[in-house]
Amino acid sequence: MAKLMLLTLLGLGLALFRDHRASYQTRLNAFREVTPVELPNCNLVKGIETGSEDLEILPNGLAFISSGLKYPGIKSFAPDKPGKILLMDLNEEAPTVLELRVTGSNFDQSSFNPHGISTFTDEDNTVYLLVVNHPDSKSTVELFKFEEEEKSLLHLKTIRHKLLPKYVYISELLAHKIHVYEKHANWTLTPLKSLDFDTLVDNISVDPVTGDLWVGCHPNGMKIFFYDSENPPGSEVIRIQDILTEEPKVTLVYAENGTVLQGSTVASVYKGKLLVGTVFHKALYCEP
């Protein structure tokens, strides 16, 4: 009897392990391969070698890019160097990146580990950056003032929250979903809908002109968390039009198996130009 119970428990344990492993592999799209979708006039951005995890483009064409993220379980090509915020002017004929100098007596540059970024423009056209920072494995949100003439960021303070737009879009990476919420005047949120995808959706950028969503995606998350230079993670960019309607249009704009661009996390557009960032690799710039 004891032997039978032991075998039964062992069988249940193996079944649970198998189910858990299958669920884990499904959430990571572990066996999915990339079918390439190419774009014309695309080039890797010179000066970005250690990631471009998030980016945001101002209406005037200036792009801010976070680079050098170090995060547990994620590959880093410069684990001992602090992160940085880069500036790129998409109005230039052959745009390049410039590292923004960070000023402020209370900011520790050596532990700067920027992740997500957002911008806010005040009524007097002053531009502020809100940067999710992970110093020493902690998490903070840092507020900077962009000083364009000096090409620098003045650190103002650490804050706990940021402004929300009328509609809030939240990506659920391992569930392959994007959730849409409406924000009310009292700051409460009402869920409107959820969209399902066959890819791991990461950062979302909203085109201020059209309202379209541009999303950097991971076709196979297993390759992100278990990096192999011989079989690197691919990249995908999707565009979602009319997301608030009953039938949003989803277009796979770019797809690549990792030969050119590894681990795309974000995509944003300016006057037909597309900028794609990655978690730890390079950045791609495409002109119309």
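The legends below describe close-up views of a predicted model. Residues are numbered from 1 along each chain as its sequence is written, and side-chain values use heavy atoms, with hydrogens and water left out.

View 1. Strand 18 is joined to strand 19 (residues 273-278) by 6 bridges in the antiparallel sense. Ser268 stands opposite Leu275 in strand 19.

**View 2. The partners of strand 10 (residues 152-159).** Strand 6 (residues 101-103) runs parallel to strand 10 and is joined to it by 3 bridges; here Thr103 stands opposite Leu154. Strand 9 (residues 140-147) runs antiparallel to strand 10, with 7 bridges, and Phe146 faces Leu153 across this pairing. The hairpin of strand 9 and strand 10 has 4 residues between the strands, and Lys151 takes a positive phi near 50 degrees.

**View 3. The second largest pocket, with a volume of about 260 Å³.** On a 1 Å grid over the protein atoms alone, a pocket is an open set of points with protein on both sides within 12 Å along at least five of seven lines, a cavity is a set where a 1.4 Å probe fits but cannot get out, and lining residues have an atom within 4 Å of a point. Grid points are joined across faces, edges and corners, and a volume is the space filled by probe spheres set on the points. Of the 15 lining residues, Ile74, His115, Leu173, Asp202 and Phe225 are the closest to the centre of the pocket. Strand 14 (200-206) and helix 2 (222-225) each give two or more residues to the lining. By class, this lining holds 9 nonpolar, 4 polar and 2 charged residues, where Ala, Val, Leu, Ile, Met, Phe, Trp, Tyr, Cys and Pro count as nonpolar, Asp, Glu, Lys and Arg as charged, and the others, Gly among them, as polar.

**View 4. The second largest cavity, with about 30 Å³ of space.** Its lining consists of Ser205, Val206, Asp207, Pro208, Trp214, Ser268 and Val269. Strand 14 and strand 18 each contribute two or more of the lining residues.

**View 5. An aromatic cluster of Phe77, Tyr227 and Phe280.** Rings of Phe, Tyr and Trp (its six-membered ring) pair if their centres lie within 6.5 Å, and planes under 30 degrees apart count as stacked, over 60 as edge-to-face and the rest as tilted. Phe77 and Tyr227 are edge-to-face, at 6.1 Å centre to centre and 85 degrees between the planes. Phe77 and Phe280 are likewise edge-to-face, at 5.7 Å and 70 degrees. Phe77 lies in the loop between strand 3 and strand 4 and Phe280 in the loop between strand 19 and strand 20 (284-286), so this pair ties together parts 203 residues apart in sequence. Phe280 is buried at 1% relative accessibility, whereas Phe77 is partly exposed at 39% (buried is under 20% relative accessible area, exposed over 50%, partly exposed in between; 1.4 Å probe, protein chains only).

Key
This is a predicted model: local features need pLDDT of at least 70, side-chain atom pairs count only at pLDDT 80 or more; totals for chains, interfaces and linings use all residues. Two strands pair if DSSP finds at least two bridges between them.
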